[in-house]
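Hello,

Here is the structure for you to open. My notes follow below it.

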Amino acid sequence: MIQVNGLTKDYGARRAISDLTFDAEQGEIVGFLGPNGAGKTTTMRILSGYMPPTDGTATVAGYDVVEESLEVRKRVGYLPETVPLYSDMTALEYLKFMADLRHIPNSRERAYETLERVNLGDRADSYIGNFSKGMRQRVGLAQALIHRPEVLILDEPTIGLDPAQVVEMRSVIREIGKDRTVLLSTHILPEAQQICDRVLIINKGSIVAEDTPENLQSRLVGSQRVVLRVRGDSDGLSAKITKIKGVRDVESKPDGSVEFEFAAGQDIRPQVAKTIVQGGYDLLEMRPIGMSLEEIFLELTRDNASGKQSS
Amino acid sequence: MNSLATMLPVSNLHEVSMRNIWTIAKREYDHYFISPIAYVVAFMILLTIGIIFAINIYFFIQNAFQSFGQTPDISPLTGAFAFLLVLSVPALTMRLLSDEARMGTLELLLTAPLRDFELVAGKWLGSFLFILTIVVITLVYPIILNFVLVDPGIDQQLMLSSYLGIILVAASFLALGVGISALFTNQVAAFFVTLSVFVFLWWLIGFPASVLQGSASEVFQYLDMKTHFYNALNMGSIKLADLVYFVSLIALGLFIGTTAVETRRWR
């Protein structure tokens, strides 16, 4: 659905994105993850037909974003970061205007249907100027959905929403993403983890990692950390575990649990379990702790060369 | 209309969607009716023209008793109207595209399946229809003259020509105003630049014509906007040269606007 090849964009002397290559399939929700100024918005603006790239190509729904910009724009729904709304219009008028620009027959009915879909049916005749941030965001989403686009591009769709609205927005996006391609940007890591099938991590205009949220985690983690819990007294347990070959970095936590690490390739959990049981402890829990996306992200986007080498 | 087609940055004019232009124009026209500036402008134009009409009628009636008065016509009204347009059009066009850029809604319009030219032309058409509404209201004065005061009626050709003149002056000013508005993000800046350009076109550009001689003088004479109105259309003469002048200005304004919007995409 989306194919991006060597995409580069310069603003004057500053290179905003450099040689981006990725794609997105139909029915896939792809998350664009990166700090502010990483080039997420620039990439999305190019894909939505707002601005041409300096170099490279991008096709959306089979059409080139530069050569066939109008065809691309017909098939893309785009929600910019600052939701573009006319505060002097009612929600219904605004959506009808957008529907008319897209030549949708029965634009008023379609506008109303779309408002219902984002749970604003009862506020159709209210002026957008009086809407709360969350409602404005939903009107913006409705605008992007009004023509039932094949591709949806959402720039920071949950920014500025309260927690309940965030949950609601995410479920709407999930729902939409079942049969459409969704590309969304965020700098909130759990969000990418929750709603995206695939995550692209972008920093300083380049993609630094691309995978499913789960794979990204396991791929980047050089060692596996495990937390242990036993019934009753865990005294002496850490000493016993330390003796097992391959175990390192053993740590007794104040709550009585014990954490240790082993190299990702060699799983020594069976030996550990045996040791514990033979030592007379009742093993209650042995659970791997994944590196959070936060940590992965920090690891990947660390500026200095020393950071890169150590990872 | 040939000059229009060749000057516009659209490869195929027949591809331009009237429907898109109309959608934009309608939204803009509706917007004027909730805009205080539009009411102030309409009120100012209608009040001033009404006063001038009343004064004219007063002198006509006085002169009629002395039986050497001229037949009244509407050229003093349209003459004043044209002058009022110099001042009021910048207020009507200043926000058309600059405000879209400021509010971020330009991003919405530029990612909709809409050509840049259609956006600019739609904005222009919307403002033109608003001015046209005011023009239609002022038709009440020639109607009064024709059916109530003057027997057997006023000079029809002069009336049509003067009104055509007003419409062309308004359309040209509006096109330039839309074009200049596209260059700015701040509507106050757009207002003052538009006003300066109008003052230049209306008063200043004619001066070199009186100083220079020969063909150079003629060039400036031709560029002088008010002569195309006061010395031609507002005197009842409809000539091709004048029409070409106004249509070229409209094309120039829309060209500036479309190019400015396109340039925004590259920034």
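Let me start with the sheet in chain A. Please keep in mind that this is a predicted model. In chain A, 6 strands make up an open sheet with mixed pairing. Their order is 6-7-8-3-9-10. Strand 6 (76-79) and strand 10 (206-211) of chain A are the edge strands, and each pairs on one side only. From one strand to the next, the twist averages 15°.

Now the end of the sheet with strand 10. Strand 9 (residues 198-203) and strand 10 of chain A run antiparallel and are joined by 5 bridges. One residue pair to look up: Asn203(A) has Ser206(A) of strand 10 as its bridge partner.

Helix 1 (residues 40-47) of chain A lies across strand 3 (29-33), strand 7 (151-155), strand 8 (181-186) and strand 9 of chain A. Helix 1 runs at about 150° to strand 7 of chain A.

Next, a helix pair in chain B. The axes of helix 7 (residues 116-138) and helix 14 (residues 240-266) of chain B come within 9 Å. They cross at roughly 130°. Angles over 145 degrees would count as roughly antiparallel, so these two helices of chain B are oblique to each other. The crossing of helix 7 and helix 14 of chain B is right-handed.

Which residues of helix 7 and helix 14 of chain B make the contact? Helix 7 brings Asp116(B), Phe117(B), Leu119(B), Val120(B), Ala121(B) and Trp124(B). Helix 14 brings Leu254(B), Gly257(B), Thr258(B), Val261(B) and Glu262(B). The contact residues divide into 7 nonpolar, 2 polar and 2 charged.

Best wishes

Methods
Residues numbered from 1 in each chain as written. Chains lettered and ligands numbered in written order. Predicted model: local features only at pLDDT ≥ 70, side-chain atom pairs only at ≥ 80, totals over all residues. Axes fitted to C-alpha atoms, helices over the stretch in contact; angles between N-to-C directions. Helix = DSSP H or I, 4+ residues; strand = E, 2+ residues; numbered from the N terminus. Parallel < 35°, antiparallel > 145°, perpendicular 65-115°, else oblique. Left-handed = near helix turned anticlockwise from the far one by under 90°. Contact = placed C-beta atoms within 7 Å. Nonpolar A, V, L, I, M, F, W, Y, C, P; charged D, E, K, R; others polar. Pairing = 2+ DSSP bridges.
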